[in-house]
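Here's a quick briefing on how this one is put together. Have a look at the model first, then read on.

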Amino acid sequence: MSADTAANGQTPVLELKGLSKSFGGLHAVRGVTFKIMPGDRKAIIGPNGAGKTTLFNLITGIFPASSGQVLLFGQDITGWQSHRRTALGMARTFQITSLFPRLTVLDNVLLAIEGLRPSKFVMWRFLSSYRDVYDKAHQLLEQAAFADRANTEVRYLSHGEQRQLEIVLGLASDPKILLLDEPAAGLSSGESVEMTEFLMRLDPELAILLIEHDMDVVFDLAHTISVLHFGEVLETGKPEQIKNSQKVQEIYLGTG
Amino acid sequence: MRSHRLKILMVIVALAAVAIVVPNTGSFVILLVTRALAFSILVMSLDILLGYTGLASLGQAAYLGVGAYATAILATKYHFGLGWDFWLVLLIGILLGAALAAFFGLLAIRASGVYFLMITLALGQCVWGLAYRWNSLTGGDNGINLRERPKFGGIDLANELTFFFLVFAVFCASLALMYTLVRSPFGRSLAGIRERELRMQILGYNTWLHKYIAFIIAGAFGGLSGVLWAHTAGIVSPENVVLTTSVDALLMAVLGGAGTLVGGVIGTFIVFGLREFLSTLVPWWQYVLGVVYVATILYLPTGLMGIPERLRQKRAKPDNPDGAKKLASLHHAEKTT
């Protein structure tokens, strides 16, 4: 094991080392460094425009990083394309719902499951003949209480249902780390409580990195919180610490 | 599942009807249907890109051209492909179409939307330029006349009916292959790319590779249709690879309904039929076709194959309580069974 190995002998699931991104003169993300261990639940909070989603896009390979490193299970993946990162065990959801609107719920999940299977290149056999893929899809839909809407086209689902399906798609590849970009965005308070409960029921070994504005969701889910401000990590700590931090209150929670 | 089977059954019945009715008509109809069948393989190959992958290619005629020119050049210059070796030419046409698409795809697939359209248009025009200018090989503007059709075993393809059945068989095989493709895991991944490419990347798909493979497959079927086209028309000229042919193929796919395969075939038959019918009636028949195209895009963007779905949606609208009730009870029945 390398020097990155943590005290208890485990390799971090995800590690960022001085990760930065600038768009022209705008430094969207500046020298972000942190580690996520298996089972960690970490939240990133910060005002709008703090660089949270950009950070996610760097971690998942949608944008190339300007400098710094991303390590997944100790492996440097900084220059990798998104689909290869997924193959290593990373999954994410999007702040703006990114489903396949004109396909059914079942087809959405089937695509998500096939993503990491070699059979995605098979073109001489119907997808419907893959029993194991269908079984897994139905199992996932059952868990998320979607079974009765399996054949509904996604564009006809409510916003709340679409947000939930986002997470189902993220889970379909059996990831080791799940990046959630504002899972509760646009949900009613009742729905976001449901969402939180759903997330808390997930496998405790699954590491979660979460961006969220809904502080109830953050304080219920996260073990640690990092505050991002102008692309920099301002402070990291346990939820109570962050709640009571003077600096954080000034920039984010408001001083009222 | 059941609706899929019903659709397959309907297509098989329609094909059987064609196989039974057409031989009993005159040679004019037989030739017309043969031409439409050969061309509709190209339209279906385009539909894989347009309807299933979401890539509007404006250079699909290039692949038909490669297959057709290869057939004509081999037959006239080397007397090759007029016996049993016709099947070899069929294979060569497929491989050439695929090879050209593999080359063009490297340039075109990195772009999307209008830029993809422009690049495929430009590449298609390059092929046209070659066909037009390379006199020694392609016969330039005059093209190449094929004076005979293949003859092997006891089969003489010079017979219109025999040739019709050959084209019909190749068409059916192509339809079956492409239908299997679009319902395979790979085909479904193309639909995912059409709907949201970024999500597909995040789900672990190398979307570039999937699009590239789809592009090559479409090129291969284009080459196949070119071989048949050369023997159907008896002449191969730059007109076969000019932009208009690519646009026609695109519009036929849209007219029938993109993303349905069969729709493209219906669109091809309608346009070929209208063309023959109208051109005997009026000198300005091309305007009629133009109006048909514009009307399709304005009022029927899902094409003719989309009509049943549109009617169903209209009936299910809440301002029509009967339809809504019917749908609700249907939904209920589904749940209880």
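Let's start with Val43(B): leaving aside neighbours within four places in sequence, its contacts are Ala249(B), Met252(B), Ala253(B), Gly264(B), Val265(B), Gly267(B) and Thr268(B). Keep in mind that this is a predicted model.

**Nonpolar cores**

- Val43(B) is also one of the residues with the most contacts inside the largest nonpolar core, along with Val109(A), Leu46(B), Ala218(B) and Ala253(B).
- That core counts 112 residues, and its biggest contributor is helix H2 (residues 27-53) of chain B, which puts in 14 residues.
- Apart from it there's another core, this one of 42 residues, including Val13(A), Phe56(A), Met90(A) and Val218(A).
- As background, nonpolar side chains tend to be buried together in soluble globular proteins.

**The sheet in chain A**

- Chain A has an open sheet of six strands with mixed pairing, in the order S6-S7-S8-S3-S9-S10.
- At its edges sit strand S6 (90-92) and strand S10 (232-237) of chain A, each pairing on one side only.
- From one strand to the next, the twist averages 20 degrees.
- S10(A) runs antiparallel to strand S9 (residues 224-229) of chain A, and five bridges join the two.

How values were computed
Residues are numbered from 1 along each chain as its sequence is written. Chains are lettered from A and ligands numbered from 1 in the order in which they are written. This is a predicted model: local features need pLDDT of at least 70, side-chain atom pairs count only at pLDDT 80 or more; totals for chains, interfaces and linings use all residues. A nonpolar core is a set of buried Ala, Val, Leu, Ile, Met, Phe, Trp, Tyr and Cys residues joined through C-beta atoms within 7 Å. A residue is buried if 20 or more other C-beta atoms lie within 10 Å of its own, exposed if 12 or fewer, and partly exposed in between; C-beta atoms are placed from the backbone. Helices (H or I, at least four residues) and strands (E, at least two) are DSSP runs, numbered from the N terminus. Two residues are in contact if their C-beta atoms, placed from the backbone, lie within 7 Å. Two strands pair if DSSP finds at least two bridges between them. Axes are lines fitted to C-alpha atoms, for helices over the stretch in contact, and angles run from 0 to 180 degrees between N-to-C directions.
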